[in-house]
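My entries follow in the order I made them.

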Amino acid sequence: MTQPPAARRSASAEAQSKVLGKALLRCADLLGLNGARLALTIGVSEASVSRLVKGNRDIELNSKEAELAALLIRCFRSLDVLVGGNDEQRRAWMTSHNHALNGVPCDLITSAQGLVTTVAYLDRMRAPL
């Protein structure tokens with residue numbers, strides 16, 4: 001028996017939400033972000049991040065949290081390409097002062113504006129004009 005279209009969409013949205021949450025947590029770990037910094041970056045409480053880690057919470061699609069999570073994943077992907085997948089270089093870049101950004105990336109990304117600026121900078125570095 002097949003599911004009605006609404007049930008399929010709901011199951012698909014739930015699966016996408018879980019994938020987004022897992023990708024977000026993996027990227028945060030590889031960027032060296034702790035729960036508190038991740039919470040600030042995506043605009044949720046530390047308790048919400050803890051529930052996400054434990055699998056007791058998903059990221060609601062089409063929410064501000066999901067948009068910020070997708071941007072953080074994009075930040076990771078751009079940086080990962082630039083450092084050739086090197087964990088040490090990736091974490092060093094995140095924790096060092098960047099003159100072009102006028103700040104430390106792991107601090108900058110805790111605001112939506114800083115995250116967008118950091119992602120735009122990394123995108124420009126990947127594909128210079």
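I started with helix α2 (residues 35-42) and helix α4 (residues 64-82), whose axes come within 8 Å and cross at roughly 115°. The axes are lines fitted to C-alpha atoms over the stretch in contact, with angles from 0 to 180 degrees between N-to-C directions. Helices here are DSSP runs of H or I, at least four residues.

The model is predicted: local features need pLDDT of at least 70 and side-chain atom pairs pLDDT 80 or more, while totals for chains, interfaces and linings use all residues. Numbering runs from 1 along each chain as its sequence is written, and side-chain values use heavy atoms, without hydrogens and water.

I listed the contacts (heavy atoms within 4.5 Å). From α2, Leu38, Thr41 and Ile42 meet Glu65, Leu68, Ala69 and Leu72 of α4. By class, I have five nonpolar, one polar and one charged residues there.

Which residues of α2 are buried? I found Leu38, Ala39, Thr41 and Ile42, where buried means under 20% relative accessible area with a 1.4 Å probe, protein chains only. They lie on the same side of α2 because they cover an arc of only 165° around the axis, taken from the directions from the axis to the C-beta atoms.

I then checked the ends. At the start of α2, a side-chain oxygen of Asn34 is within 3.2 Å of the backbone nitrogen of Ala36. Just after α2, Gly43 has a positive phi of about 75°.

Last, I looked up Leu24. Beyond its neighbours within four places in sequence, Leu24 contacts Leu38, Ile42, Leu52, Ile59, Ala69, Leu72 and Ile73.

Key. Buried means under 20% relative accessible area, exposed over 50%, partly exposed in between (1.4 Å probe, protein chains only). Helices (H or I, at least four residues) and strands (E, at least two) are DSSP runs, numbered from the N terminus. A polar contact is a pair of N or O atoms within 3.5 Å; within protein, one must be able to donate a hydrogen and the other to accept it, and residues adjacent in sequence count only if both atoms are side-chain atoms. Ala, Val, Leu, Ile, Met, Phe, Trp, Tyr, Cys and Pro count as nonpolar, Asp, Glu, Lys and Arg as charged, and the others, Gly among them, as polar.
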